Amino acid sequence: MTIVVTGAAGFIGSNIVKALNGRGITDIIAVDNLSSGDKFRNLVDCEISHYLDKHEFLDLLLDGEYDGELMAIVHEGACSDTMNHDGKYMMDNNYQYTLALLDYCQSEEIQFLYASSAAVYGGGSTFKEEREFEGPLNVYGYSKFLFDQVLRQRMKEGLTAQVAGFRYFNVYGPREQHKGRMASVAFHNFNQYRETGKVKLFGGWDGWGDGCQSRDFVSVEDVVKVNLFFLDNPELSGIYNLGSGRAQPFNDVAVATVNACRRHEGKPALSHAELVEQGILEYTPFPDALKGKYQSFTQADIGKLRDAGYDEPMLSVEQGVDRYVDWLMSR
C-alpha cells in the first residue's frame, strides 16, 4: 500500500523518503509546494511513485481518489518560519490542513504521523509533554500547539487509527540547504568556516557566557529513525518530544563543525580555547532585537519516547555534526 509523505521535498520529509527507499519502499506519493523550486534537489536521489502539489493532493484526497489505497500519511509539510507573523496563513497552512488530514485518516483508519514542534514550550524551562509547561511565543508555535490540543481531545474520545505527533527540537543534518536563514547552526557554521576560515557566535547575555547558550540539537538521522519506529508500531499514539535528551552549548556545535572540516583539510583538531586563541572562533555582541525573545536553553525530556519502547541511542553533537560535515563535503 502507498505511503504519503507531505513536505517531501523539504528537510525532514526528504530524509524520510530516502529512509523508506532504504527499506525497499518506493510506492510513495510525495506532496509539497515547489513554489521555491530549488527544493526538488532533495528528491533527485529518491524513488517515488508520484508527486502532487499540496493543494491538489488535499482536493483529490477529500474527493475519495485514494480511498482504500493508503497505509499511512507522514505529515512533515508546514510553514516552519518562526519569524512569519501572518497568522491567517500560518493557521491555514499548519493547523487547518493538518486537521483535514487527521479527519481523513481517522475516517479511513490510516496511520497518521505529524510534525509538532518544541516551539509549543515558548520561554519555559521544563520541556515535558504536559499542558502546564506549554506557552508558545509566536503564531508558528501556536499553530502547532493548537493541533496538539485537538489530538489530546480526540484521544480522550477514542481513535480509530494511530496518530503520533513529534515535537522536534533543533534538528540538523543533510538536505536542509534550501532553508536559508532557517537552516541549522551547524549548516551556517560550516559555510562560515569554508568561506572565511572563521565561525562567529553570539556573545554572552542574561547570565550565559560567550557561546554557552545551550539547545537540544538532534540529528535528522535520529528524527527519521523515530518516525520509522512509529510506522512499525501502529498501536502507539500520542505526542512525543523528539530531541537528543541533552542540551549542548553552541560552542560545541562550532568546535565539532570546525574540527570536522579540519579533518578533511588534513589538520589536527583544536580545543575550544585554541580556536578562540587563534581567532577561528569569534563572538559578536548579543543582538538587542533578540533580548527577551530568545531561548537560551532547551532540553527535551524524552522519557515518554523511551517508555514507548524506542531505545536507540541518540547521536551527540560531536557524532552527528561529524557525519553531517562528511555529507556536506561530498556534495
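Student: At which residue does helix α3 bend by about 25 degrees?
Tutor: This is a predicted model, in which local features need pLDDT of at least 70, side-chain atom pairs count only at pLDDT 80 or more, and totals for chains, interfaces and linings use all residues. Residues are numbered from 1 along each chain as its sequence is written, and side-chain values use heavy atoms, without hydrogens and water. A bend is the angle between axes fitted to the seven residues ending at a residue and the seven starting there. For α3, an angle of about 25 degrees is found at asparagine 93.

Student: Which side chain makes a polar contact with the side chain of asparagine 93?
Tutor: Let's look for a pair of N or O atoms within 3.5 Å, one able to donate a hydrogen and the other to accept it; for residues adjacent in sequence, both must be side-chain atoms. At 3.3 Å, the partner is asparagine 94.

Student: Is asparagine 94 buried or exposed?
Tutor: Asparagine 94 sits in α3, residues 87–108. Buried means under 20% relative accessible area, exposed over 50%, and partly exposed in between (1.4 Å probe, protein chains only). With a relative accessible area of 1%, asparagine 94 is buried.

Student: Is arginine 175 buried or exposed?
Tutor: Arginine 175 lies in the loop between β7 and α5, and has a positive phi of about 75 degrees although it is not a glycine. Because its relative accessibility is 8%, arginine 175 is buried.

Student: And is aspartate 206 buried or exposed?
Tutor: Aspartate 206 also has a positive phi, near 60 degrees, in the loop between β8 and β9. Because its relative accessible area is 53%, aspartate 206 is exposed.

Notes. Helices (H or I, at least four residues) and strands (E, at least two) are DSSP runs, numbered from the N terminus.
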